[in-house]
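Hi everyone, thanks for coming. Let me walk you through a structure that may be new to you.

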Amino acid sequence: MDKMNFLLAAPEIWVLCMACFILVFDLFLRPERKGIIHMLAMLTLIFAAIITLRADYTNSGEVMALAFNDAFIRDRMGDLLKLFSYLVLGFVFVYAKFYLRQFSMFRADFYTLALFALLGIMLLISANNLVMIYLGLELSALSSYALVAYDRDSNRGSEAAMKYFVLGSMASGMLLYGMSMIYGATGSLDLAAISAAAGEADDMRLILGFGLAFLVVGLAFKLGVVPFHMWIPDVYHGAPAGVTLFISSVPKMAAFAMAFRLLQTGLGDLHADWQQMLAVLALLSIVLGNLAAIAQSNIKRMLAYSTISHMGFILLGFLPGTAVGYSSAMYYVIVYSLMSAAAFGMVILLSTRGVEAEKLDDFRGLNQRNSWFAAVMAMIMFSMAGIPVFVGFFAKWLVIQAAIEAGLSWLAIVAVVFSVIGAFYYLRVIKLMYFDEPQTEAAIAAPVDFRAVLSLNGVLMLGLGIFSSSLIAICVRAFAA
Amino acid sequence: MEGNWPLLSLLIWLPIIGGCIVAALGSQRAAQSRLLALIVSGLTFVLSLDLFTAFKRDTAQMQFVENQPWIENFNINYFLGVDGFSVPLILLTTFFGVLVVLSAWESIRNRVNQYMAAFLIMEGLMVGVFSALDGFLFYVFFEAMLIPMFLVIGMWGGPRRVYATIKFFLYTFLGSVFMLIGLIYLYVQSGSWSIMDWHAYPLTLNVQTWLFLGFLAAFSVKIPMWPVHTWLPDAHVEAPTGGSVILAAIMLKIGGYGFIRFSLPITPDASMTLDWLIILLSLIAVVYIGFVALVQQDMKKLIAYSSISHMGFVTLGLFIAFAIFQHGPDTKGAALGIEGAMVQMVSHGFISGALFLCVGVLYDRMHSRMIHDYGGVANTMPWFAMFAVFFFMANAGLPGTSGFVGEFMVILAAFQANFWYAFLAAITLILGAAYSLWLVKRVIFGEVDNKEVAELQDINWREALILGVLAVAVLLVGLWPAPLVDLMHSSVAELLVHINQSKLPVAGAAAAGL
C-alpha cells in the first residue's frame, strides 16, 4: 500500500508552489503592476479551497486519511479549519491591501510571508506526528515574526517582533522539551502510538505528566492565555494593523487544532490531568483579559486583552473532553477569527494616510460620519460581548454548555460574570460611536472591494447568528466518529 | 383562524424588518421615517387584534403555535405560542408601539429614522419574548431587546444618559446571565429546551433552589424588585419620553411574565420554600419605595419609584399563592392573587405609560422635569390638566380606574394569607395617593408660578389623541375588567395546577439524581 499519498497534501503543495512562485514573480514585476500580486494571492486561496473541497478520501466513506507514513492526516475537522483559514485570510488580504497602500508598504513580501504562514498553519492543522506539529508551528511562527517587523522603520514594530521572537522561541523550546519527554515515555512520535502507549504505561505516569505540563505551557504561549499572555498586547500594539489583523485571526485556528491533536488524539488518557490545567488557564484568562481590557485607551491593546479572554473561553470547550465540547471550541475559534478580522478591518477603515486609528477616541461619533459602518462595528462589538442574536453569543453559549456538562458549573458562572464585566468595554466603543460627537467630519474613504468585504464580514456577525444552525451542525459533524 | 398563517411570526418580524427599512432610509428623510414607522406599527397593532378575537378562552393550551427546528443539534426550536398570560401583554406591546411613534412625532428632531427603527425593532423583540415557548429563543429575545433600549437612552437621553444607559445594560445583563446558566443546566439535565417540557420535568429541591435563584436574578432586576431597582430611576430620568414609556409599560412586565412562565411552574417547590423572601421584598418595595417616591423632586423619578412600588404588587400577587396554599388547598384566593397581578401589570402599563407621556408633554415645552419649576399649569393648559389629574388619580388607585382593580384583587388575596401582608400592602393606597396628589397640587394646581408656565400652550390634537386613548383604556379596565380577566382564566387555573404539584422526583429517582 502506498503510504506516501501525495494527493492528500494537494492543498499544501499548491500553497507552497504559489508562495514560491509569487516570491520569484515579484522580481520581474514593474512597481505599478504590483496589484497583480494581490490577485494571485486571492487566486491561491480560492484554488486551495477548491482543492480542499474536492478531497476524494470522503468518497469512500472514510472519516480520515493518512499520508507520509502517518505523519499527515486529513479529516473533516482539519478540512473545515483550513477552509475557514482561507476565508479569513482572504478577508485579511483585502483589508491589508488598503492598509499597506495607505502606508506605502505595499510589497509582495507581505503576501509571500502570509502564504508561508498559511502553509505552516495548514501543516499544523493536519499534523499527526510530533515532528510535524513542530514543523508547522515553526513555519507559521517564523513567518509571523517577520510580518510583525514588516514596517522596518518603526521602532515599536521591531521591538514587538523581538519580543514575539524571544517569547515564541521560549515557548517552542518548552514544547520541544515536553515532546521529548513524551517520546521518552512512549517511544513514539506518532500521535496514535503515543495514545496507545500512554494508556498502558502506568509506570511512566510521572514523566508523562511532566511532558504534558510542558506541552500545555507551550500551547498556552501560542494561544496567548494567562499567565503566558505577555506578548499579546505588545505584539498587537506594535505590529502594523494590517499584520495584527492576520496574527489575531488565522493562527488561532491552528492553535486550536494543535491543542486538539496533542491533548485529545495524543494524550486523551490524561484528560483528568489536563482538564485541571486548562480550567485554571481558562479562569485566569477570562478574569484578567476582561479586567485589563477595561483600562485600555488604545483599541489594538483593548482587542488584544479581549483576545486573551476569548482564548480562555475557547479552553472551556476542551474541558469535558467530548466530541460536542471540541466542536463548540472549534465553533468558537472560527467565530472568533471572523470577529477579530472584522474588528481590525474597522480599525483599518478609520485609519487615514499614515495615521493608524488606534485610539478609542478615533471611533467618536462614527454614527454621524457613516451610519452603516457604525452599525457594522456595533454588530462586531455586540457579537464579541456575547449579546444575542449575534454570533458571538452562540459561541459563548456552546462553550459554557460544555463547561456545565463537564460538571464545572462554578467555572461557567465565573465566566459569564466576567463576560458581563467584559461587555463594559465593548459598550464603551458603541458609546463613543453613537453617543458622542465626531471629532472630525472627514468622510470615510475606502475602495469598493474593501467596503464590500467589510460589510459582508459585519453582516456575517448577524447572519451566522440568526442562521447559526448550519455552522453549528458542520462543527458537530466534524467530530462525529 | 388558528394555524392558517403564522400570526405570531408576523407580529415579531413585521416591526423588525420594518425597523430595518426605516433605519436604511437615512437621517435626511425624517418625514418618511415617521410615516413608515406609523404605518408599520399601526399595521402590527391591527394584526395583533386578531389574537384577541380568535383566542379561545376556554382552554389553557398554547394557541397560534408555530414550531420549526432552529438549531437541531441541540434540540432548539423556533417554538412560538400564546396563552392567557401572553395575549394581554402582546396587545399592550403593539398598542404602545403605535403610541410611542406618535408621541415622538414632533419632539424627536435629530436622527428620526434611527429613533423610529430602534422602537420598531424593540417592539418585535418584545412580542418575541412574550410568545417564545423555547427557553433558548426566549433568552435570545430577552437579551436582544436590551440593544435598542441601550441605544435609545444613550442617543436621545438627558445629560447623564451614558451613565444611565450603561448601568441599565450591565445590570440587566448581569441578572440574565445567571438565568442563562440555569436554562443551560435545565437543557443538560432534560435534553430539551421546550418550556412546556420543563414544566413537567422533576427536579430535586436543591437544584430547584439554584434555578429559582437564577431566575430571580434575571427577573427581579427586570421588574425591578428592591434592592436591585436602582437602575430604573436613572434609566427613566435620562431616557427620552418614548424610552421611559416602553420601559415602564412593557419592559418591566417582562419580569413579571418571566416569573409566571419560569419560576412558578418550573420550580414550584423552591418557590414554596422561598416565598417568604419574595413577599418580604415585595412588601419592602411597596412600602419603603412608596416613601422614597414621596420625597422626589423630579417628576420622572417620582413616577419611576411609584412604578417600583406598584410592581411590588405584582410579585406579591404572584407569590401570595404559596402562602395561601399553606393554609389549605383552596385555589380561589391564589387565583385571585395571580389574576390581580396580571391585571395590575396591564393597568400599570397603561397608567405609567400615560404618566410618562404627560411628563413628556411638559418637558417638550419647558425642558424641565423638576417639580419646583412648575405650578398652576391648569391655568394655561386646562385640557392637559384634566388628563394629568385623571392619570395621577388612577396611579393612586382611584376606584373606577384600572389602578384600583389590580391592587384590590391582590390585597384581597393577601388577606387570605395573612392579615399583616394585606395591611402593609394597603398602606400603598395611602402613600400612592399622597405622592400622586401632592405632585398634582404642586405642578397642576395653584397660582401660575412663573413666566414660562404662563406662556405654556395647551396640548395639540395629537397629544390629546394619545392621552385620550389611554384614558379610555384605563377607564375600560377599571369599570369592566371582565374581558381581560376572561382571557387569562383558564391559563391561571392551569398554572395553579402546576404550582400546586410538587416537582420533586419520587424517592428512588431522587436518590439516583443526587
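Predicted model: local features only at pLDDT ≥ 70, side-chain atom pairs only at ≥ 80, totals over all residues.

Residues are numbered from 1 along each chain as its sequence is written, while chains are lettered from A and ligands numbered from 1 in the order in which they are written.

Chain A has 19 helices and two strands; these are DSSP runs, numbered from the N terminus, with helices being H or I of at least four residues and strands E of at least two.

Now, where does chain A meet chain B? Here 26 residues of chain A are in contact with 25 of chain B, contact being C-beta atoms, placed from the backbone, within 7 Å. On chain A's side, helix 16 (391-405), helix 17 (409-435) and helix 19 (468-478) each supply at least two residues. Helix 17 of chain A gives the largest share, 13 residues.

Let's finish over in chain B, with its helix 16. This helix is mostly covered, with ten of its 14 residues buried. Among them are B:Phe384, B:Phe387 and B:Met393. The cover includes helix 13 (299-325) and helix 14 (332-366) of chain B. After helix 16 of chain B comes B:Gly397, with a positive phi near 85°.

Technical notes. Contact = placed C-beta atoms within 7 Å. Buried ≥ 20, exposed ≤ 12 C-beta atoms within 10 Å, placed from the backbone.
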